[in-house]
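This report walks through one chain, from its overall layout to single residues. Keep the sequence and the coordinates open while reading.

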Amino acid sequence: MVSRWLDPTEERAWRSYRRMFTLLEGQLSRELTAATGLSTADYTVLSNLVEIEGRRWRITALADHMQWSQSRLSHQIRRMEDRGLVRREHVDGDARGAHVTLTKHGLAAIREAAPVHFAGVRRHFIDLLRPAQLKTMGAIAERVVTHLRELDESAERVGG
């Protein structure tokens with residue numbers, strides 16, 4: 001495969017996106033940890049659990065949903081279990097299967113953390129952009145996400 005190099009406009013857009021993403025994630029992470037003691041990984045797991053009916057996911061499905069390896073998620077869950085944020089439960093009839101469930105302590109933690117997170121998102125991203133820019137950003141993100149999901153689905157059909 002021959003790669004087409006990026007022209008100056010494309011390179012500026014790509015490098016600016018990468019730098020923005022890195023700096024924004026770092027700032028949001030620092031603020032979240034300082035205010036709540038939760039890491040970004042903690043927040044990601046908790047926010048996914050609080051949004052699902054029953055507040056529990058099968059670990060394999062949650063890993064797929066979050067685009068994390070099962071190993072990474074298992075290590076994260078173990079650390080969160082130690083702090084009482086989540087509970088691991090075995091799946092009846094499946095010796096190797098497990099669910100992760102949000103605990104009362106985890107629910108309280110995500111309820112405390114969500115306003116901190118969204119205030120940071122607003123302060124460091126949303127409020128810096130005009131409505132037309134937000135609309136364009138949303139359309140750009142949706143286009144890239146659609147493309148990447150189509151690739152995943154295509155790979156599953158070929159590999160499955």
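Contact here means heavy atoms within 4.5 Å. By that criterion, and not counting residues up to four places away in sequence, leucine 46 touches Leu38, Met80, Leu85, Val86, Leu102, Gly106, Ala109 and Ile110.

The model is predicted: local features need pLDDT of at least 70, side-chain atom pairs count only at pLDDT 80 or more, and totals for chains, interfaces and linings use all residues. Residues are numbered from 1 along each chain as its sequence is written, and side-chain values use heavy atoms, with hydrogens and water left out.

**Overall layout**

The chain has 6 helices and 3 strands. Helices (H or I, at least four residues) and strands (E, at least two) are DSSP runs, numbered from the N terminus. Read from the N terminus, the order is α-α-β-α-α-β-β-α-α. The C-alpha trace spans about 55 × 45 × 25 Å along its principal axes. Of the 160 residues in the chain, 28% are buried. Buried means under 20% relative accessible area, exposed means over 50%, and partly exposed lies in between, using a 1.4 Å probe and protein chains only. Take the contacts between residues at least 6 apart in sequence: 53% of them join residues at least 24 apart.

**The core**

A nonpolar core is a set of buried Ala, Val, Leu, Ile, Met, Phe, Trp, Tyr and Cys residues joined through side-chain atoms within 4.5 Å. Which members of the largest nonpolar core touch the most other members? They are Leu46, Leu49, Leu73, Val86 and Val100, out of 25 residues. At least two residues each come from α2 (40–51), α3, α4, β3 (94–102) and α5 (104–124). Helix α2 gives the largest share, 5 residues.

Valine 45 also sits in helix α2. Its relative accessibility is 0%, so valine 45 counts as buried. Beyond its neighbours within four places in sequence, valine 45 is in contact with Met66, Trp68, Leu73, Gln76 and Met80.

**Two helix pairs**

Two packed helices are described by the angle between their axes and the distance between the axes. Axes are lines fitted to C-alpha atoms, for helices over the stretch in contact, and angles run from 0 to 180 degrees between N-to-C directions.

| Helix pair | Angle | Axis distance |
|---|---|---|
| α3 (residues 59–66) and α4 (residues 70–82) | about 110° | 9 Å |
| α1 and α5 | about 145° | 10 Å |

The angle of about 110° between α3 and α4 makes α3 roughly perpendicular to α4. The cut-offs are under 35 degrees for roughly parallel, over 145 for roughly antiparallel, 65 to 115 for roughly perpendicular, and oblique for the rest. The crossing of α3 and α4 is right-handed. A crossing is right-handed if the near helix is turned clockwise from the far one by less than a right angle, and left-handed if anticlockwise. On the α3 side the contact uses Ile59, Thr60, Leu62, Ala63 and Met66; on the α4 side, Gln70, Leu73, Ser74 and Ile77. By class, this contact of α3 with α4 holds 6 nonpolar, 3 polar and no charged residues. Ala, Val, Leu, Ile, Met, Phe, Trp, Tyr, Cys and Pro count as nonpolar; Asp, Glu, Lys and Arg as charged; the others, Gly among them, as polar.

The α1 and α5 crossing is right-handed. Helix α1 contributes Leu24, Gln27, Leu28, Glu31, Leu32, Ala35 and Thr36; α5 contributes Glu112, Ala113, Val116, His117, Gly120, Val121, Arg123 and His124. These residues divide into 7 nonpolar, 5 polar and 3 charged.

Not counting residues up to four places away in sequence, glutamate 31 touches Val116, Gly120, Arg123 and His124.

**Two loop residues with positive phi**

Arginine 55 lies in the loop between α2 and β1 (56–58). Phi of arginine 55 is near 55°, positive in a residue other than glycine. Arginine 55 is partly exposed at 32% relative accessible area. Its C-alpha atom is 8.5 Å from that of valine 100, 45 residues apart along the chain.

Glutamine 67 is in the loop between α3 and α4. Its phi is about 65°, again positive without being a glycine. With a relative accessible area of 61%, glutamine 67 is exposed.
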